[in-house]
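Q: Can you walk me through this one? I'd like to go chain by chain.

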Amino acid sequence: MLTIIIRSVIIYLIVLLVFRLMGKRQLGQMQPFELVLTLIIADLATIPMAEVSVPVLHGVVPLLSLVVLHFILTLICRCSQHFSKIISGKPVIIVNPKGIDYQAMKKLNLSTDDIFEALRGAGYFSISDVQYAIMETNGKVSVMPKSAAAPVTNQDLNNKVADNYLPIVLVSDGKIIKENIALAGVSQKEISDLVKENSNSKNCSIKDVLLLTINKTGQAYLQMKQGEGLSFQSKRLVSK
Amino acid sequence: MKFFHYVNFVIIVILLIAICVIEEVIVSSSLKQVQTRCYEIEMLLADRNDLLNMEITLQIDNLEYSWKKDETAMCFLVNHKNIQEIGQEIAKLKLYIASNDIDAFRVSLEEIKFYCHSYLHFMGANLHNVL
């Protein structure tokens, strides 16, 4: 039994490595050939795990071979548009300004229910709101709404708004993230003072902080482990 | 980052080639060694009607020793179920010496040679095996 446990750990680590080497795509974002590889990998991994007479190498070698194959296929797809179309297919317009493209629908083996489900998933409940709907190669449907149904943006209203900046996490679960402190260009003392100023209790320390983030403009968010979140403009901390 | 991606790829390819080469070298040399020893024992058996011979006993001991040594290394590379019959037949040879059963001894020797030949044929990368 100990052998099976050790083998499971080895195979798990190798499969983890294989998936890291293959990239960070999620199941729904995979191209057809990536999905096939994932299914084969899942099946291959179980054989040496459960069968003690089979050497671990019999599981590892096919796994690594698939990584190499995946790498080669990705490389060729990147170099050749034509090959990419053969392997991954090409996006298909399923809804155009005239309505649903019946030929495309038949070609993709879709029903009207499937199209409506995809449109609802994209936030459009009426087909008359849709200018174009495109079935992407990974199976997701991208929707371009008609101008009348498109959400209003600040640009439409000629509103001048400040740009948004990515918040940097300075403290997470009572621990200072040193890399981010260096990135934000603030000191631990400044963070400590800020926490004391903005928390209810003066005895609060960084250990009591659940989350502290700050963006480039000094917009901060602080939540203590006991208490509600507080969003404020910090003059003390302005990320560089 | 892209550089490391290529390095990973090259390392994996080298690793796969190394595994294939090591398998070919270790497995084929071990099995061929067993086959050779079996032929040598057969030569000793020629013109004999019994197994009561010190040289035969010594050869079988050597065969068993070298097989046990090679089997450990081979277990990393091949399915143990595919090669365990060879070990079983070698164990039987020792029993047949004790009971002086030369006919069964000859059959076991043939079986060992057959298993070795089969596995050598089975492990090669040829069209029959691939398909």
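Q: What sort of model is it, and what are the cut-offs?
A: It is a predicted model, in which local features need pLDDT of at least 70, side-chain atom pairs count only at pLDDT 80 or more, and totals for chains, interfaces and linings use all residues. Residues are numbered from 1 along each chain as its sequence is written, and chains are lettered from A and ligands numbered from 1 in the order in which they are written.

Q: Which ipTM and pTM does the model score?
A: The ipTM is 0.71 and the pTM is 0.68.

Q: And what pLDDT does chain B average?
A: Chain B averages 85, and 95% of its residues score at least 70. pLDDT is the predictor's confidence in each residue, from 0 to 100.

Q: How much of chain B is buried?
A: Buried residues are 19% of the 131 in the chain. A residue is buried if 20 or more other C-beta atoms lie within 10 Å of its own, exposed if 12 or fewer, and partly exposed in between, with C-beta atoms placed from the backbone.

Q: Which residues touch the most others in the largest nonpolar core?
A: V34(B), I86(B), I90(B), I112(B) and C116(B), out of 21 residues in that core. α1, α2 (54-74), α3 and α4 (102-123) of chain B each supply at least two residues, and α4(B) gives the most, 6. A nonpolar core here is a set of buried Ala, Val, Leu, Ile, Met, Phe, Trp, Tyr and Cys residues joined through C-beta atoms within 7 Å.

Q: What does V34(B) touch?
A: Leaving out residues up to four places away in sequence, V34(B) touches L63(B), W67(B), I86(B), I112(B) and C116(B). Contact means that the C-beta atoms, placed from the backbone, lie within 7 Å.

Q: Now the interface. How many residues does each chain put into the contact?
A: Chain B puts in 14 and chain A 12. On the chain B side, α1 (2-45) and α3 (80-99) give two or more residues each, and α1(B) has the largest share with 7.

Q: Which classes are on that chain B side?
A: 10 nonpolar, 3 polar and 1 charged. Ala, Val, Leu, Ile, Met, Phe, Trp, Tyr, Cys and Pro count as nonpolar, Asp, Glu, Lys and Arg as charged, and the others, Gly among them, as polar.

Q: Switching to chain A. What is the strand order in the open sheet?
A: β6-β5-β7-β8-β9, with antiparallel pairing. Strands pair if DSSP finds at least two bridges between them. The edge strands are β6 (175-176) and β9 (229-233) of chain A.

Q: How many bridges join β7(A) and β8(A)?
A: 5, between residues 209-214 and 219-224. V209(A) stands opposite M224(A). In their hairpin, with 4 residues between the strands, G218(A) takes a positive phi near 95°.

Notes
Contact = placed C-beta atoms within 7 Å.
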